[in-house]
Amino acid sequence: MSEETETKPFKFVTAGFDARFPNQNQTKHCWQNYVDYHKCVNAKGEDFAPCKQFYRAYRSLCPNAWVERWDTQVEKGTFPHKLD
Amino acid sequence: MEGLVELHDNIMFYLVLILFGVAIILILIAFPSFKLLYLMDEVNDPAMSVLYSDFLNDDNENIEFDSYMIGEDDLEEGSLRMLEVDNRLVIPELTHVRFVITSADVIHAFASPSLGIKCDAYPGRLNQVSVLINREGVFYGQCSEICGILHSSMPIVIQSVSLEKFIAWLAEQQ
């Protein structure tokens, strides 16, 4: 075992505690972060770093199937919430 | 005072007095329990989230895999019938993990008695439970809801490993 592997320090990150959603039901937590991310991107642009916070939160909470469905709705303009 | 002295041999007076006294004590000790009950639901500062559902699709960002029961004919010697799965859910020990539980078709339930968790999985709803495993080991469970013909008793296998092994497993999955 002469092979030396370099381990970089890292941190596990996931959506943290949100005082708006203290309950077992996290459906709205996922939804709210998805909406907030798109509102943030529409207001500040794709490269605005703080928007990533919402992105990471909804990526770790929402099922991929939901996100895909919402993405197509956003593209078509049929997403049932204002995003601007 | 005259009135109170007259009440001394009135049984209704004592009955009402005792009932109110007991009621006040019960109300007072209820509130700390409410606080504990609500705190139990909160998941504070988890390190990772595991989304458990029966959705199927591919994505590069998250690690995603199916975990199916191993059929009776494919069982190796010593493994458990109706409990063993092809891909175990691997999580690191001593790490605060949040499970987000949902379903795509009918009501299921994510349960592992030895971890002390049981949570229903509803289509269109995300339920969370938190887990902190103190040791390495394999924890079995089954879907605890009569979820339908030919898919009752869906097995759940959670394997807790050391952080190094977990990172190696992560690298393997990508």
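How much space lies in the second largest pocket? In this predicted model, where local features need pLDDT of at least 70, side-chain atom pairs count only at pLDDT 80 or more and totals for chains, interfaces and linings use all residues, residues are numbered from 1 along each chain as its sequence is written. Chains are lettered from A and ligands numbered from 1 in the order in which they are written, and side-chain values use heavy atoms, with hydrogens and water left out.

The answer is about 210 Å³, a volume being the space filled by probe spheres set on grid points joined across faces, edges and corners. A pocket here is an open set of points on a 1 Å grid over the protein atoms alone, where a 1.4 Å probe fits, with protein on both sides within 12 Å along at least five of seven lines; lining residues have an atom within 4 Å of a point. The lining includes Gln24(A), Met40(B), Lys118(B) and Ser130(B). Helix 2 (11-41), strand 5 (117-121) and strand 6 (127-132) of chain B each supply at least two lining residues (helices are DSSP runs of H or I, at least four residues; strands are runs of E, at least two). Strand 6 of chain B gives the largest share, three residues.

Turning to the interface, 31 residues of chain B and 25 residues of chain A take part in the contact (heavy atoms within 4.5 Å). About 2300 Å² is buried between the two chains, 53% of it from carbon and sulfur atoms; buried area is the accessible area (1.4 Å probe) lost on putting two parts together, summed over both.
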